[in-house]
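Please look over the sequence and the model below before reading on.

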Amino acid sequence: MIKLSTLFRDKFVPPDKNILKWFPGHMGKGMKQIEQKLKNVDCLVEVHDARIPISGRNIKFNYFSKVKPHILVYNKKDLADLNKIGELQKLKESANQVIFTNCKDQSCRGVKRVIPSSVELISKSDRYNRSEKNEYLIMIIGVPNVGKSSLINILRNKYLNKANASPVGAIAGITKSIMTKIKVCQKPLVYLLDTPGILNPSIRDWEEGLKLASVSTMQDHLVGPQIIADFLLFWLNKNNNFSYVNYLGLREPSDVITEVLTLTAVNLNKTVKIRSVEQGYIKVQPDLDAAAYHFISAFRRGEFGKVMLD
């Protein structure tokens, strides 16, 4: 039993609310490409992180759902506390179907539903200029680093026993543009289009932005690892989740991020050298950024349990 000897913050105040603006040029270009290709696809599969089911959605994708059959896939369900997804009804209303997946699990039932559900929706829709086509073309959309490419690869492997066709990585923004058609199934004949992850052009509020950063839908350096770590510390304390204490080798919970990161860096033996040109010496001090990345990575891997940030 962890004894609490500190008072925790009741709200988080970011040091700079303007740090949460990130809309690279390839995102604007990608959105235009998606809009241009809409008429040539049969269905949209929108992928998001199940830990941020509300704040993680690009509001413009809601419009696309009115144009084409639309499946909302919430990936990384293995990391999400789905018991706390209180707005599930809103999710259902914004798409024809909602599916929860874990694209790291070949036996995931949700993954197995994606192609049959898409084909069923397409068969019930008016395909307009594609009614003569004997193939189905599905576009995969979503915000960065939520598993769009991973979904394509696992489907391709499942139905065709083929190697990965779409690049994946732990850093947001791996896919820069819409790729060519990727075949994932022979019977029925199904092709998928991978697209770049696209955030809202402007983050609606700092809390939403920090949630996006916490699950790596934007690159860490754009916000700062220590700021992300501070937000996670605040969130974990607020939700009475003190599992980080043992993981980081602390004696007790803390609400001071510099204290947590300093002790973590010491426990990990992570140091950084600071050179003073004027005074002519090198100072060795704990590497707080390294400690922050250690903390953040553990959160993203689920070391502190399943979470629901929304």
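Predicted model: local features only at pLDDT ≥ 70, side-chain atom pairs only at ≥ 80, totals over all residues.

The expected span of a helix is 1.5 Å times one less than its number of residues. Helix α10 covers residues 257-268, twelve residues in total, so at 1.5 Å a residue it should span 16 Å.

Which residues of α10 are buried? They are I257, V260, L261, T264 and A265. Viewed down the axis of α10, these buried residues fall within an arc of 125°, and therefore they line one face of the helix. Just after α10, N269 has a positive phi of about 60°.

The next topic is a pair of helices. Two packed helices are described by the angle between their axes and the distance between the axes. Helix α6, residues 206-214, packs with helix α8, residues 225-238, at an angle of about 105°, and their axes are 10 Å apart. Angles of 65 to 115 degrees count as roughly perpendicular, so α6 is roughly perpendicular to α8. On the α6 side the contact is made by W206, L210, K211, A213 and S214; on the α8 side it is made by I227, I228, F231 and L232. Sorted by class, the residues in this contact are seven nonpolar, one polar and one charged.

How many of the nine residues of α6 are buried? Seven of them are, and the helix is mostly covered. The buried residues are E208, G209, L210, K211, L212, A213 and S214. Their cover includes α8, but also α7 (220-223) and α11 (288-301). Just after α6, S216 takes a positive phi of about 70°.

Helix α8 also holds D230. Is D230 buried or exposed? Its relative accessible area is 14%, and buried means under 20%, so D230 is buried. Leaving aside residues up to four places away in sequence, D230 touches R9, F12 and I257.

Of its 310 residues, 53% count as buried. Among contacts in the chain with a separation of 6 or more, 70% are between residues 24 or more positions apart.

Technical notes. Residues numbered from 1 in each chain as written. Heavy atoms only, no water. Helix = DSSP H or I, 4+ residues; strand = E, 2+ residues; numbered from the N terminus. Buried < 20%, exposed > 50% of the residue type's maximum accessible area, 1.4 Å probe, protein only. Arc of directions from axis to C-beta. Axes fitted to C-alpha atoms, helices over the stretch in contact; angles between N-to-C directions. Parallel < 35°, antiparallel > 145°, perpendicular 65-115°, else oblique. Contact = heavy atoms within 4.5 Å. Nonpolar A, V, L, I, M, F, W, Y, C, P; charged D, E, K, R; others polar.
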